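Please walk through this protein with the model open beside the text. Each stop pairs a place in the chain with what surrounds it.

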Amino acid sequence: MSDVTANILTGGSFLLNPVAAFPIFTREKFTEEHREIENLVREFCSNKVLPQVLEIEKYNQDLSHNLIKQMGALGLLSIDIPEKYDGLELDKITAIIVAEAMRYGGSSSFTTTYTVQTGIGMLPLIWFGTHEQKQKYLPKLSSGEWICAYALTEPEAGSDAMSGRMTAFLSDDGKHYILNGEKQFTTNGKWAQIFTIFAQVDGSKFTAFIVETNTPGFEIGAEEHKLGVKGSSTVPLKFTDVKVPVENLLGEIGGGATIAFNALNVGRLKLGASALGGSKGLIEYATEYALQRRQFGQPIGHFDIIRKYIADMTVRTYALDSIIYRTIGDIDRAISELDQSTDDFYLKIGGEMERFAIEASMVKVYGSETLGFCADLGIQILGGYGFIEDYSMARIYRDTRIDRIWEGTNEINRQIITGYLMKKALLEEIPLREKIKCVDEFLATDPAVSGEGPLWYQTAMIEAGKYLTLYVFDEALTEFGQDLKHEQQLGELLANSFMDLYLADSTVARIGQLEEGNGQEPVLEAIAKTFTAEMALRLLNSALTGLNDIYHGHLPETVMDKMRKFQIRLLPSTDVAVMKRQIADYIYQRKTYPF
């Protein structure tokens, strides 16, 4: 059978390439410098942040700002800043490692403050700022002397950020832009000295500006009373004839969308990394409790359903880990091929980030939902104690809920996944349609009955899943064309299937390239087999639901025939219950997340 591959480094190519066709980056490939920085962050968070979690939660601005300054002194605010502005300018992998390691502080509030400072707050200036702007602001931001914020959302413009009503008009003397309007839910807002603000120049050209706090007419509202992350700042902003110097224009007139969404792509990756660290911490917390808490004469961790819960948390977390570092590894490799000597180097970094917008959205969605999943099971394992504020699980549970909303709601990010793949297919950026043409040829072959390696069957299931999902995708495009973007329920089903495939592909590829003899082969194989078996059932269910949507409940016999052939290839023959017991027992023996 002919095989269609994408030998280019771009988002979505995992659908075309066989599992492990190319090496992927994983945490097992961290350099010594990566591990040193990871240990530095762990030590700082364990010693400086964790002992003060409850005080941070009381909305202690001085404490949080002091901790930010301490991180600045360690160089942890300077990772993305160019060396000529006294930054470290390390690879993008390092920034994700730091975001994950922040979980050792146990404070979602402080992590939020830090992440905005080094992510959406600072990156627009690094990528799109002029030399003068960078020279003026970056040293104060990298030292932690100044806090920064990013204001995109408006009272009437949330997910549809481009519909914002805030205006900017050039003054008669040409020296200022006059800003009027409001912003909502601005993280770090009460504490910040500078803001990245988005407004419509002349009422229609979406543009970014740098605004300083003490500018006349700029008002910062009262703190919002939030469900969680109570120790961070979240406020509304109001602009009344605010004069912003023309030299504080960020990027080009009308270039605000590029700035906004490139920053959000990084924010989504960092959020996913933070969720990864949080999920690992929850597994360890829940495991410790399950092995200590006794009921009916034994630790509750010995009960089969609790073992299932621990295994479910572990399987999801391992898969999340696999896609995060695969994605940032691909992005970092793409950036490394750029010419740093060109004037538009940092603009091109944003372009590379956009090429992987699909995977960035997957990381955000799956990361936030995995952390929420682990927190929910954590509460259940602790039982009534999980509902009591004296235990940290209650606070953690509240803190996780916002992750599915900010950095673009998960609903929006799912539409991004399907929408970008639709764009890549229609514009032939990657040969998805060529792969789709091979569906009948694939189904005409006999299902594999043997193969090389312990995960050959899982690999075959993933490849069958790719053909199935692309087949449904093609049927949807044929029926709806570009109007598929309005079929949001169908788009969500497709996004979930694409995400499942990326997770399974990355998990199996990661395990396949590990060195033999590491002592973890059996449990890692159990993780891969469990995830793939449950993924296959989800793919079949989503495909049938989606096809019924496309054909309004009247599936042609030709479609049913294809579904039967796919079913043969995708129905798992894996004893998932046994696998989950094996995974949980491995975690119990080590009393930590060991991968």
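Predicted model: local features only at pLDDT ≥ 70, side-chain atom pairs only at ≥ 80, totals over all residues.

Residues are numbered from 1 along each chain as its sequence is written, and side-chain values use heavy atoms, with hydrogens and water left out.

Start inside. A nonpolar core here is a set of buried Ala, Val, Leu, Ile, Met, Phe, Trp, Tyr and Cys residues joined through side-chain atoms within 4.5 Å. Buried means under 20% relative accessible area, exposed means over 50%, and partly exposed lies in between (1.4 Å probe, protein chains only). The largest such core holds 151 residues. Ile381 and Phe473 have the most contacts inside it. Its main contributor is helix α9 (residues 304-336), with 16 residues. In soluble globular proteins, nonpolar side chains tend to be buried together.

Now look around Ile381. Contact means heavy atoms within 4.5 Å. Setting aside residues up to four places away in sequence, Ile381 touches Ala286, Tyr289, Ala290, Ile300, Ile306, Tyr309, Ile310 and Met313.

Helices and strands are DSSP runs numbered from the N terminus (helices are H or I, at least four residues; strands are E, at least two). How do α9 and α17 lie relative to each other? Their axes come within 8 Å and cross at roughly 85 degrees. Axes are lines fitted to C-alpha atoms, for helices over the stretch in contact, and angles run from 0 to 180 degrees between N-to-C directions. Angles of 65 to 115 degrees count as roughly perpendicular, under 35 as roughly parallel, over 145 as roughly antiparallel and the rest as oblique. The two helices are therefore roughly perpendicular. Residues of α9 at this meeting include Tyr318, Leu320 and Arg326. Those of α17 (residues 488-512) include Tyr502, Asp505 and Arg510.

Helix α5 (residues 108-118) is mostly covered, with 10 of its 11 residues buried. Phe110, Tyr114 and Val116 are among them.

Helix α3 (residues 61-73) carries His65. This histidine is buried, at 16% relative accessible area. His65 touches Gly144, Glu145 and Ile147, not counting residues up to four places away in sequence. His65 and Glu145 are 80 residues apart in sequence, yet 8.3 Å apart in space, C-alpha to C-alpha.

Turn to the strands. Two strands pair if DSSP finds at least two bridges between them. Strand β7 (residues 234-245) pairs with β3 in the antiparallel sense over nine bridges. Glu182 stands opposite Lys238 of β7. Strand β6 (residues 218-220) also pairs with β7 in the antiparallel sense, over three bridges. There Phe218 has Phe239 as its bridge partner.

Ser171 sits in the loop between β2 (167-170) and β3 (176-187). Is Ser171 buried or exposed? At 16% relative accessibility, Ser171 counts as buried. Beyond its neighbours within four places in sequence, Ser171 is in contact with His176 and Ile178.

Two residues end the tour. Most residues other than glycine have a negative phi. Tyr59 has a positive phi of about 65 degrees. Tyr59 lies in the loop between α2 (53-57) and α3, and is partly exposed at 27% relative accessibility. Lys591 has a positive phi near 55 degrees. Lys591 falls in the segment after α20 (576-590), and is exposed at 57% relative accessibility.
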